[in-house]
Amino acid sequence: MSASEIEDRLLRLVRKKSRDDCVAFFAALHPDERRTYAKSAQKIYKIIDKEWFDQLSSQRKPLLGKPLGEQRNNACICVFATATPGELKKLGWRVIPENGFLVEVIRQLQPDWTNQWVQELSESEPAMYHNIRLLYDAGLCDKPKGDGYILGMIEGLPGWRIAPAALWDKDTSLADRIRKTPDIRDDDVWRLFEVEGGGELSLSAFDKYVGGKKTGGWTGALIELSEDGTLSRDRLLDESLNALARDFAQFRAGWFSRFHDALAPTLDERVARRDQYLRLLGSSIPPTVSFSLKAVLQLDKADNLPPSDVMRCIEPVLQARAKGTVSSGLKLIANAVKRDPGLSRDACELAATALIHEAADVQKKALDLIESLGGAEDLDVVTALSDYADGITPSLKSRLSEMLGGSGDALDVEEAGEVSVKEDISDVVAVASFEELIAELLRVLEDASQPLQIERALDGLARFGAQQPQDFNKLVGPLRKRSAAIIKRLPEDQLQYQVARLAYAFACSEPLSREDTLRYPSAHIAPYSQNRERAQWSFEDTFLGRNIDLLDQVRSGHQLPLLSAPTDSRGFVAAEALLSRYAAYKSARVKPGPIDTALALTRLSPDHREGALKALEAEDEYERAFAFALGADMSSDKTKWL
């Protein structure tokens, strides 16, 4: 049969026959014979899909055959009967037969790719949850294993998306749907506590913006099922805390803390989970710290908080930005010492860390506690206090000066009451292996607030990124997954976003481009986003530019250090280190990136410049620029930026 004859036959089938006739026609054919219709089926689908869309706009009646909606559904059946999973993926979810007829198509045709297609559909189109669920309930596919299936369930199970009539009665509540479906009740519902989601698909987004106001959303349903014994209350309490320990993004983590509070844990239940609350004090998400601190304060009030546990877990609380959080931490320390006076010195040293807070009243409370515990008379405590002297508020400088009066060489009290503390300078130790590089990148993905850690990770990438261990894909797997999640949720922190872009490009062996335009979530419409252009030569643009050069260098197979990677805790680059690093580039016949070189020059340490200059033989343009920066009377040649 010729291509035109195949096309004519399919057109008659689609235009004039029923959907049952379409399925029966292909069911009678061998799978290899069905494939001969694939090209024509896809062509006809596109034609009729356009006709159908035009009709929706114009309200015109079809010129030929059955209503266009039925014709379009027939065309979808023809595509499904003849296409490969790759072709279906390319055509998208709109090619799925409507009104639940997908089940009949799969049942009669019995393609050998159903599980593969369902798995891919669950990840690319979570909104197709209802179709996947229909196939699963009919025993025609395995349950998808990825996160996409669970994300689809967040909106799909409550029926927010239009559901095929055969799935659940539209008047059935979410709680009843869970209660009456064993695999959802016993398995799927618990996976909700393991999957973060992103954008519009998360528990937090659904309950806040979609289904929570009228029906109570997932929070209301799970509490109802807890109260009637369908779901274990203990497990719900535990899983909500486990979810918070995963450090999901702040907006999405908020659902789990609110849900936990909505369960209204009793004192006995809080005591049983004391260790979990204490661990959450170290969360990188400030509201999670506040949530767990509230529970810990209740335990403290009930005298169910071992003093040693307080000392072990309280330090992150004392370094929080919120004044109330730090004040509560100081209160917990004071109560711990009342129960165990032997912890006084540890308490004073911990309280000293609260002096990093910029608020005068917080600093005052910290000093009050230290004085009340006799810390000013302990040399170790005084030494710890001296580390914070530079940041003390002016109104407390004289008081701190008096407390530091017996610290000997640790400080110099001047006439004006200023306290001069010897600077504690430490070396930045370079990343030493590919495995350590991956660990550092994962660390800075979670916390982009430490510049030296980021610089150390980028230098590690420059040194070891070109390595290709046999288990490369396994080693970078967690990095790929976490960076993809961060990119997808569009964090407000531009630095974290750009680190994630670099990590993802490296892990996927893809290029990094300037063409990506950043999108920032708006405070007014979170968690949705707005577009905003990146200003040229802004901090972010400069950071991205250096990352592009860095990744290009790695892709070229070079294992060379960043010129600009700081060598000490002040952020400086030692002159000797800069010259040594450039010598490695020169030996490899590689020119360092312009941004990396410029940053290295601006970070050049003021120490030991004369010695480095004496050892430098300025043979090329870069070395002449370095010599000029070190104090020599010379300049670079023709390269304007240098």
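**Reading the labels in a predicted model**

The protein's secondary structure comes to 36 helices and four strands; helices (H or I, at least four residues) and strands (E, at least two) are DSSP runs, numbered from the N terminus. This is a predicted model, where local features need pLDDT of at least 70, side-chain atom pairs count only at pLDDT 80 or more, and totals for chains, interfaces and linings use all residues. Residues are numbered from 1 along each chain as its sequence is written, and side-chain values use heavy atoms, with hydrogens and water left out.

User: What is the mean pLDDT of the protein, and where is the pLDDT below 50?

Analyst: pLDDT is the predictor's confidence in each residue, from 0 to 100. Its mean is 86, and 89% of the residues reach 70 or more. Over residues 406–422 it is below 50; this stretch has 28 contacts in the model beyond near neighbours in sequence. Residues 517–532 are also below 50, with 37 such contacts. Contact means heavy atoms within 4.5 Å.

User: Is Cys-76 buried or exposed, and what makes it so?

Analyst: Buried means under 20% relative accessible area, exposed over 50%, partly exposed in between (1.4 Å probe, protein chains only). Cys-76 has 0% relative accessibility, so it counts as buried. Across the protein, buried residues make up 49% of the 642 residues.

User: What makes Arg-589 and His-608 count as buried or exposed?

Analyst: Arg-589 has 80% relative accessibility, so it counts as exposed. His-608, at 71%, counts as exposed too. Arg-589 sits in the loop between helix 33 (575–588) and helix 34 (594–602). His-608 lies in the loop between helix 34 and helix 35 (609–615). Arg-589 has a positive phi near 60 degrees and is not a glycine. For His-608, also not a glycine, phi is positive at about 60 degrees.

User: Why are helix 23 and helix 25 called roughly parallel?

Analyst: Axes are lines fitted to C-alpha atoms, for helices over the stretch in contact, and angles run from 0 to 180 degrees between N-to-C directions. Angles under 35 degrees count as roughly parallel, over 145 as roughly antiparallel, 65 to 115 as roughly perpendicular and the rest as oblique. Helix 23 (residues 323–339) and helix 25 (residues 360–372) pack at about 5 degrees, axes 10 Å apart. They are therefore roughly parallel. Residues making the contact include Val-326 and Leu-330 of helix 23 and Val-362 and Leu-369 of helix 25.

User: What is the relation of helix 9 to helix 10, and how do you know?

Analyst: The axes of helix 9 (residues 129–137) and helix 10 (residues 147–156) come within 9 Å and cross at roughly 105 degrees. That makes the two helices roughly perpendicular. Tyr-129, His-130, Ile-132 and Arg-133 of helix 9 meet Tyr-149, Gly-152, Met-153 and Gly-156 of helix 10.

User: Which residues of helix 12 are buried, and what covers them?

Analyst: In helix 12 (residues 182–191), Asp-183, Ile-184, Asp-188, Val-189, Trp-190 and Arg-191 are buried. Their cover includes helix 9, helix 10 and helix 11 (174–179).
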